[in-house]
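Q: I'm new to this one and would like to learn how to read it. Can you walk me through a few features?

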Amino acid sequence: VEIEDMDWNEELQAFTYECPCGDLFQISMEELEAGEEIAHCPSCSLYVRVIYDPEDFSQKASLPGPEPILKYMSTPKMTFGPPSLQLLLLLAACWTASPCTGLALAPRRLRLSRGPSDSSPLTITWATEGGLLPAAVCVEWEAALPAAGRGLDQPRLGPGPAPQQRCASGASTPFHDPGVNATTQVVHSMELRGVDLPPGHPFRYRVATVDAAAAVVVAAAAVWSPWQAAHVPGSNDEETRLLVLGDMGLYNAPALPALIQDAESAAQAGAPFHAALHVGDLAYDLHSYGGSRGSRFLEAVQPLAASLPYMVAPGNHEAGPHNFTHYRSLFRMPDQGVTENLYYSFDVGLVHVMVYNTVYGHIHDYERYLPVLNYTVSGSVERRADNATVYVSPGATVHITAGGAGNSEMRKGECPPPQGACSPHATWCAFQSGFAPRGCQGADHSYGRLTALNSTHLHWVQWSHTFDRVVDDWWIVSPSHGPFA
């Protein structure tokens, strides 16, 4: 829809257009200035793409002279039919006889997390728009994928076990955003139980919400998502591979496509990542614009988050104005019912992961520190022929700052980001990429790949989207483990 055909709503402080459901599509001035082009309806799952000239909403519009945006606030409009005939609606697919119910129940924003036990290795979480509670939620999974070259939604050919299905009620929780112009969604979750597959085995799954009007909980009464490929979590004694990212928002996150491609390529090569660790500061922010930015962020990361456990940690941006409400409500991490995702731990292969929030500030960059104990580097530091750093038997923790995956606060520049030592005053910092860019320097958008090869060797590489290469490569080699002296 053209921006000229929208109304400026002074109360909402947004451009609006009538939605077929009776509410209004809305897009704010701040979203237009940020380059956003999707206007959402807070009462249903419909949305429209707004056509406008970005220059009219850039900083230039605030300079002295005519203000282009004023013409959009006062231009009379001609109507050529009902909104449903005027708009190009981008609709979620649904498979029910009732289109309105189908749209309200269509699964969106799929994501995986580690389950509570080996018998329930994965938890699947998704959302539906509006406040309509379903009769039940369902998950269906199949042990084998379609043959190469066939789409994931195609039937599997040849003999094999039939798909397994599980439905349950009471696994849905309404969440109404507490902010102004807020949205309502229902968060659903289901543990993937009884998956009789070996660790690391590929499978495909889909989820559904069942119409509350259905007399019997059957697949025919459900609204199913498309099929999604994933892997059963690996065993506790095999090589473990993790993606590590921090501070990634909806905007200015150019490394996200690389993260998604990284995960897809690894899975296709038969060496999938076991999890992605998003170590705080999601979406920038989950609560922004009545929660719609968080929803759009989870839609953007779905290709990654629905294919492997997407484990999140709270950061200062999750606190928001409502005391971590969105973070606590939208995710299902281990022990969520007890700790509300604010702190937890889990095992993944050879690695034990602990999640907690110290609320320390940091630069949006990547930093690697020396293993320092009592102001002394513990263990030996070696340099390999391939220029990788090796910490041999470190007697102290090796700290990493992984805070540069990409967000609207990261600086854009025409010159390469700074690299090298963090500061002459921080001799414990061994290397940084993107620390405090100045002048024409931009930030470094990057993320880490951590591999625990066995009980003695751990390997980390930091991939930079900005430089299009690995910017740091280091190892920990520790034949024995125990408390630091």
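A: Happy to. Let's begin with helices and strands: they are DSSP runs numbered from the N terminus, where a helix is H or I with at least four residues and a strand is E with at least two. Here, Val 207 sits in strand 12, which covers residues 202–210. Bear in mind that this is a predicted model, in which local features need pLDDT of at least 70, side-chain atom pairs count only at pLDDT 80 or more, and totals for chains, interfaces and linings use all residues. Residues are numbered from 1 along each chain as its sequence is written, and side-chain values use heavy atoms, with hydrogens and water left out.

Q: Is Val 207 buried or exposed?

A: Buried means under 20% relative accessible area, exposed means over 50%, and partly exposed is in between (1.4 Å probe, protein chains only). Val 207 has a relative accessible area of 0%, so it is buried.

Q: Which residues is Val 207 in contact with, leaving aside its neighbours within four places in sequence?

A: Contact means heavy atoms within 4.5 Å. On that basis, the partners of Val 207 include Pro 107, Ile 124, Trp 126, Cys 138 and Trp 224.

Q: How many salt bridges does the structure hold?

A: A salt bridge is a side-chain nitrogen of Lys or Arg within 4 Å of a carboxyl oxygen of Asp or Glu. The structure holds 14 of them. In one, Glu 37 meets Arg 49 at 2.5 Å, N to O. Glu 37 is in the loop between helix 1 (29–33) and strand 4 (38–40), while Arg 49 is in strand 5 (residues 47–49). Glu 37 is partly exposed at 34%, and Arg 49 is partly exposed at 40%.

Q: What does the salt bridge between Arg 109 and Glu 299 tie together?

A: The closest N and O atoms of Arg 109 and Glu 299 are 3.1 Å apart. Arg 109 belongs to strand 6 (residues 108–117) and Glu 299 to helix 6 (residues 292–300), so the pair ties together parts 190 residues apart in sequence. Arg 109 is buried at 1%, whereas Glu 299 is partly exposed at 26%.

Q: Where do Asp 262 and Arg 449 lie?

A: Their side chains meet in a salt bridge of 2.7 Å, N to O. Asp 262 is in helix 5 (residues 256–268) and Arg 449 in strand 30 (residues 446–452), so this pair ties together parts 187 residues apart in sequence.
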